[in-house]
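User: Could you take a close look at one part of this model for me? I'd like to hear about strand pairing, and then about the aromatic rings.

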Amino acid sequence: MGIRFVLLVNKQGQTRLAQYYEHLSLDERRALEGEIVRKCLARTDQQCSFVEHRNYKVVYRRYASLFFLVGVDNDENELAILEFIHLLVETMDRHFGNVVSSNTPMIQYCEDTLT
Amino acid sequence: MDLSLNPFSSGTRLRDMIRAIRASKTAAEERAVVRRECAAIRAAISDNDQDYRHRNMAKLMFIHMLGYPTHFGQMECLKLIAASGFPEKRIGYLGLTLLLDERQEVLMLVTNSLKQDLNHSNQFIVGLALCALGNICSAEMARDLAPEVERLLQTRDPNTKKKAALCSIRIVRKVPDLAENFMGSAASLLKEKHHGVLISVVQLCTELCKASREALEYLRKHSVEGLVRILRDVSNSSYAPEYDIAGITDPFLHIRVLRLMRTLGQGDADCSEHVNDILAQVATKTESNKNAGNAILYECVETIMGIEATSGLRVLAINILGRFLSNRDNNIRYVALNMLMKAMAVDTLAVQRHRVTILECVKDADVSIRKRALELVYLLVNDTNVKPLTKELVDYLEVSDDDFKEDLTAKICSIVEKFSQDKLWYLDQMFKVLTLTGNFVKDDVWHALIVLISNAPELQGYSVRSLYKALQASGTQESLVRVAVWCIGEYGEMLVNNISMLDVEEPITVTESDAVDALELALKRYSVDVTTRAMCLVALLKLSSRFPQTSKRIQAIVVQNKGNTVLELQQRSIEFNSIIQRHQSIKSSLLERMPVLDEASYLLKRAASSQATVSLTKSAPSAASGGSLKVPNGAVKPPPAPLADLLDLSSDDAPVTTSAPSTAPNDFLQDLLGIGLIDTSTAGGAPSASTDILMDLLSIGSYPVQNGLPATSNIGSPGQVTKHAPGTPQVIDLLDGLSPNVNAAYPSITAFQSATLKMTFNFKKQPGKPQETTMHASFTNLTSVTLTNFMFQAAVPKFIQLRLDPASSSTLPASGNGSITQSLSVTNNQHGQKPLAMRIRISYKVNGEDRLEQGQISNFPAGL
């Protein structure tokens, strides 16, 4: 799969959940999150959901106050990733009720299985 | 918050900790909470607390996710994994995948546990192990555990199969050699019904194809029909609630299968034939009003473009893209632009049809779309549509925002360069771009512009006038100022006298002092940088020769920079000042028009230098420098240092080694010098060759303006490549050409040299009078003390007549900071029979004492 990472971020830019599928050190992660989150949060609703960052793409979608960001390789099908995000959200919704305040290890386990 | 209950013992539940962290109002508060928790966890770990271990790990994982260091928990994970219960194992494996990565050596300890768990009777535990392995295994672990995973691919439980397939993907990725082991199982698993398994297996097949050619071939033979069948089934299937998304059954499976088809069909006509029908079916049947449908269509189009499809299919694909492009949803448009770029390779004509829409997209509000559209436009440009397209782009340049301007400028410049058939149009576009966004224009772009201008004599007048006008209008763009300044310096008289007007031009009145004004303004503006100022100084110098009346004023301007803190400017202003003041005679030849810069070899060198290494600075102009030393102005020169001092050029003998990095501008400069030398078979032969070099030295001095003399060192290094150690043979040639029409045949000599001073003679003969020779003597002071009351006397044999002109001064400044020149003329009545000989006597005062030096000159060149 060409997914590099999955981030859940709230409107203020705080990371709620971070799942990385490649190895980045803590500093790199923090820097990455800072940059990308800033870019995505600054976009309006009219703009498209894909942001190019360095050598990969970030596909994001907003659900109420939560932003779901998925970083993928350049050759991934972006629309499919959008669908994937939606699937993730629906599954978690059905499993946990309200996505925001929940048991995070369960989330991670779910994500691991799904991806 | 259960503050009353000592909340930070290991008894805190995960939920409470999360709540506490979320409740913190400031970052410091959050850090405090985390620190307390970590302390408690560490205490629990050292106590070897069994009961709450998994809870602590869960907390630790949450803390890790927030970005805090958690390495102290790694061993705990291993202990948890080794436990026998499912909940502990679950947290342990989860912690393993989160807190560790494949580079840690701790991982090796887990291999054994993993092996045992892979053989466990409980399917869920097997599942856990597979998951963990699939997320984090390293190459060695992969090798060790591959046989287990292979076996698990054949179990009956679909969940386990699925996980095993996913795990195999990672194994194959880490160790591509193992791909052949998985080929067979993968192909046979395509017959599965369970979608989860199917998706994983399809993904595994894709990975196998990437990993090994053998696998690719095998799968091509064995799996294509299976794939077609899968796709047909899934797209024809009726509503299946398990897999339905927005009315389409399992779009993910659709997409994965399409992608695998693409990998298999790429380059293989056979395979492509098989999938043609199903592709057509999917492309036409899929509804595109939902995102899921569009995703499938997108993948379908990509596949059609990727394989050897029939032309009918291709047309279908491009139509879909056209539909996407006019969709209102930005995502779809973005995706369409992306696809169109790939479609360019296949069918450019069809893409051209959408040119207008694409141009619209360049101006879109969305930055991602703009970027894509711009790239696409760049690919679309060809000879027929280049003019209107460029016009659109340049118009947009005015209104675009800053971070886009840079990209846009770069693209416009390269389009214009590639496709300009007509020099006038090229110049126009470049001037416009420079005026609008000169600050973003890269160096080699405007270098190329200058090369072009110098190669197009009929357009020089037009260029200089347009640039002058542009400069008046807005002089804030750096590159514009540089190009304008250079042109005004070079072609000043064209500007003032309206020479070679083109039909489209209106005459403008620019007086000489206007031109000088413009340059002065450019020089004084506070925002210009050193390179531009340096260029202004040179241009002023050139103008002082072309417009003699303004010479005084120019000198005044130049002198103002004498005390400039930047060494480069200071040096230039002092040198130029001295040229203007004292070397009137050579000034005009010094400041002649630059030689025509050879475009073809410049472009060649530029292309080569873009892959240059550092050594290129020395080697690239080797061809050029070979030419440089062929310049026939006389062979070996004596050490140049004192002569260099003559013109106040730096007397660094050792060439500057570290500076002059091999960036393109420097290469250009090297090439400029080299090329300038090659091309001067024209006017004036040797002296103009040498003067050109010096003009290059003066005009486009040094880009990486370091201290001192990158310029001379640049000249130095081509010279360096071939024979002579001293840095500036060409400079000496210049000095030989002190009198405007020097005769090349009589090289200058060092007539006399002592510890204190050095005397050089340069010779000139009148064409019709072989017996007469005019000589210029120049004296340089080698000490660090000034010599005063300098007097030179000479005695010659009876058959020679000598006449001595007055010397230029009688004070010789120290360390070669100035020099004295004196003219002599001799008539050799026995010309041809006896050579010239002379006795000399030099008297001077140093530190109040009188000194006398005498000598004999016998190294006059033959034939005098």
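Analyst: In this predicted model, Met838(B) has Ile857(B) in β10(B) as its bridge partner. Zoom out a bit and you get an open sheet of three strands in chain B, ordered β6-β9-β10 with antiparallel pairing. β6 (787-795) and β10 (849-857) of chain B each have a single partner strand, so they stand at the edges with one side lacking a neighbour in the sheet. On average, neighbouring strands here are turned by 15° against each other, direction ignored.

Now for the rings. Phe779(B), Phe790(B), Phe792(B) and Tyr844(B) are linked into a cluster by ring pairs. Over all chains, the whole structure holds eleven aromatic pairs. One of them is Phe5(A) with Tyr56(A), an edge-to-face pair at 5.8 Å centre to centre with 80° between the planes. It ties together distant parts of the chain, with Phe5(A) in strand β1 and Tyr56(A) in strand β4 of chain A, 51 residues apart. Phe5(A) is buried at 0% relative accessible area, and Tyr56(A) is buried at 7%.

Phe86(B) and Phe124(B) have ring centres 6.5 Å apart and planes at 70°, so this pair is edge-to-face too. Here the link runs from helix α5 to helix α7 of chain B, across 38 residues. Phe86(B) is partly exposed, at 29%, while Phe124(B) is exposed, at 60%.

Methods:
Residues numbered from 1 in each chain as written. Chains lettered and ligands numbered in written order. Predicted model: local features only at pLDDT ≥ 70, side-chain atom pairs only at ≥ 80, totals over all residues. Heavy atoms only, no water. Pairing = 2+ DSSP bridges. Helix = DSSP H or I, 4+ residues; strand = E, 2+ residues; numbered from the N terminus. Axes fitted to C-alpha atoms, helices over the stretch in contact; angles between N-to-C directions. Phe/Tyr/Trp six-rings, centres within 6.5 Å; stacked < 30°, edge-to-face > 60°. Buried < 20%, exposed > 50% of the residue type's maximum accessible area, 1.4 Å probe, protein only.
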